[in-house]
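Subject: Structure handover

Hello,

Here is the structure you are taking over. The notes on what was found in it follow below.

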Amino acid sequence: MTDRAVIWAATGLAVAVMLLLLAPLGALGLSFSAATLTVAEGSALRFTLWQSVLSAGISVVLAVPVARALARRRFVGREVLIATLGAPFILPVIVAVLGLLAVFGRAGWVNGLLATLGLPAFSIYGLQGVVLAHVFFNMPLAVRMILHGWQAIPTERFRLAQSLGFSPRDVQRHIEWPMLRAVLPGAALVIFVICLASFAVALTLGGGPRATTVELAIYQAVRFDFDLPTAARLALLQFGLCALAFLVAARVALPSGFGAGGGRIGGPPAPGGWHRAGDVVAITLAALFFALPLGAVVLRGVPGLVDLPGQVWAAAGRSLGIALASTAVSIGVALVFAMAAARGRAWPALAATLPLAASSLVLGTGLFLLLQPYVRPSSLALPVTFVINAALSLPFAFRILAPEARSLYTDYHRLSQSLGLTAWARLRWVVLPRLSRPLGFAAGLVAALSMGDLGVIALFAGDAEATLPLIVHRLMGAYRMDQAAAAALVLVALSFTLFWIFDHWGRRYAAA
């Protein structure tokens, strides 16, 4: 696309994104009644912050030995395991919660073992359950971030340490600890921001006066009490929390301090003895922690596939439609923003990143306040859900496309100009073929995230508008756990199939 066409398109889309964010916030501001929090709201705020701190801290601490083990050990299936660590990010939250209930719930495997040993039962509901679910989702992300830190240390540093006779403790002190000191704060802040805006986990495993997050309080104020001023006050509070955490996370730099290396592929030394045993234990426990809940969903869900109610398949169709529509919009906007950013403009990156400061419940509450006086909100449940999903997926899609778009512009812009290619000719012959791989990956990610979203749809949807994640949640609430597991299995299959189709298309089109 030509420079002028890209800039004009990006400008129009940036205005649309800003309106989508500012209009709900404006509605919240107009409905704002009092700045004083009630006792229950203050408790929800404290619980939100406390569970986010605990979830981020535990995820990062547990991720360090796993990342170290993966960095210094080579074994069959290592690359598959590292790739699998990305699966929880696109796994529908409600499915993971169902799997965790099968393993850690009242009738789960862990409590069965504890009863056999004569030990007290573990309750998954409340703070411990919310933190456990967040660690399940976010520890793999922390492992990937910390593993990148280890892989960024030049191999020459480890060889120099070996030639100087460093012990494993010396290597940790002088090489690995400085890297961790740089990487861990950023990883912890990213996970903290994610946990602040978590809704489905708190909806399923939280609740009660002592285990209510701000987002769950917003949902209860709208859905059960229809107390719109309270919902507006809480939504503004949640937006402020997310925006502040986002700004802090954006300012945390991750300096390496190691200088440049020779580009050789390698890793830290792999000591034997109890170090080897510790690495084996860390990798094994991490793999079991991720695999057991998913295995439980499969074992419980397969027999129930033949007895699924018709509403599950109707909801699956609605979820597919939302996911495909969200993907088309999000990828289109992200591509235009990435191409504009590649031309040296800073504001497209800002416009693409701003949705990170909001959550689906905050935007949904604002849109509910805007629409409620004029139309029945449930009649717009599906369009509103797809628009919000597209907006909240935009930052991820943009971050995937932006580096590749910058390289594409540097390599082919002058050649395209000299050939006199029109905007559509550049898009067809230059942009799409060379960005197909990141486009496919980003589209698969957006589709999977939208397919499994249980956020704003919970505010708007009635029985006729329910999506598949909402159906799974309702089946769980009705204690129809076998049907819930079967529906969750369908949801997982559809989410990963969408991801695989888009990602495979991108890799295949790039190789063609």
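Predicted model: local features only at pLDDT ≥ 70, side-chain atom pairs only at ≥ 80, totals over all residues.

For the protein chain as a whole the mean pLDDT is 82, and 89% of the residues reach 70 or more. The stretch to treat separately is residues 253–265, where the pLDDT is below 50. Beyond near neighbours in sequence, that stretch still has 21 contacts in the model.

Overall fold

The secondary structure of the protein chain consists of 21 helices and zero strands. Of its 512 residues, 51% are buried. Among contacts with a separation of 6 or more, 84% are between residues 24 or more positions apart.

Helix α11 (residues 214–223) is largely enclosed by the rest of the structure, because eight of its ten residues are buried. The buried residues in α11 are Val 214, Glu 215, Leu 216, Ala 217, Ile 218, Tyr 219, Ala 221 and Val 222.

The other is helix α2 (residues 39–72), which contains Glu 41. Is Glu 41 buried or exposed? With a relative accessibility of 6%, Glu 41 counts as buried, since the cut-off is under 20%. Leaving aside residues up to four places away in sequence, Glu 41 touches Thr 36, Thr 230, Arg 233 and Leu 234.

Aromatic pairs

The search of the whole structure gave seven aromatic pairs. In one of them, Phe 289 and Phe 290, the ring centres are 5.6 Å apart and the planes are at 50°, so the pair is tilted. Both residues are buried: the relative accessible area is 17% for Phe 289 and 11% for Phe 290. Phe 441 and Phe 499 make an edge-to-face pair, with 5.8 Å from centre to centre and 80° between the planes. This pair links distant parts of the chain, as Phe 441 is in helix α18 and Phe 499 is in helix α21 (residues 481–511), 58 residues apart. Phe 441 is partly exposed, at 35% relative accessible area, while Phe 499 counts as buried at 17%.

There is also an aromatic cluster, formed by Phe 136, Phe 137, Phe 289 and Phe 290. The tilted pair described above therefore sits within this cluster.

Cavities

How many cavities of 30 Å³ or more does a search of the whole structure find? It finds three. The second largest cavity holds about 50 Å³ of space. Its lining is made up of Ser 319, Ile 322, Thr 385, Asn 389, Ser 450, Met 451, Asp 453, Thr 467 and Pro 469. By class, these lining residues are three nonpolar, five polar and one charged. At least two residues of the lining come from each of α14 (310–342), α17 (381–419) and α18 (423–451).

The lining of the second largest pocket comprises ten nonpolar, five polar and two charged residues.

Where is Tyr 479 found? The residue lies in the loop between α20 and α21. Tyr 479 is exposed, with a relative accessible area of 72%. Most residues other than glycine have a negative phi. Tyr 479, although not a glycine, has a positive phi of about 60°.

To recap the points to look at in the viewer: the stretch 253–265 with pLDDT below 50, the buried Glu 41, the cluster that includes Phe 136 and Phe 137, and the positive phi at Tyr 479.

Regards

Terms used
Residues numbered from 1 in each chain as written. Heavy atoms only, no water. 1 Å grid on protein atoms, 1.4 Å probe; cavity = no way out; pocket = protein on both sides within 12 Å on 5 of 7 lines; lining within 4 Å. Points joined across faces, edges and corners; volume = space filled by probe spheres on them. Helix = DSSP H or I, 4+ residues; strand = E, 2+ residues; numbered from the N terminus. Nonpolar A, V, L, I, M, F, W, Y, C, P; charged D, E, K, R; others polar. Phe/Tyr/Trp six-rings, centres within 6.5 Å; stacked < 30°, edge-to-face > 60°. Buried < 20%, exposed > 50% of the residue type's maximum accessible area, 1.4 Å probe, protein only. pLDDT = per-residue confidence, 0-100. Contact = heavy atoms within 4.5 Å.
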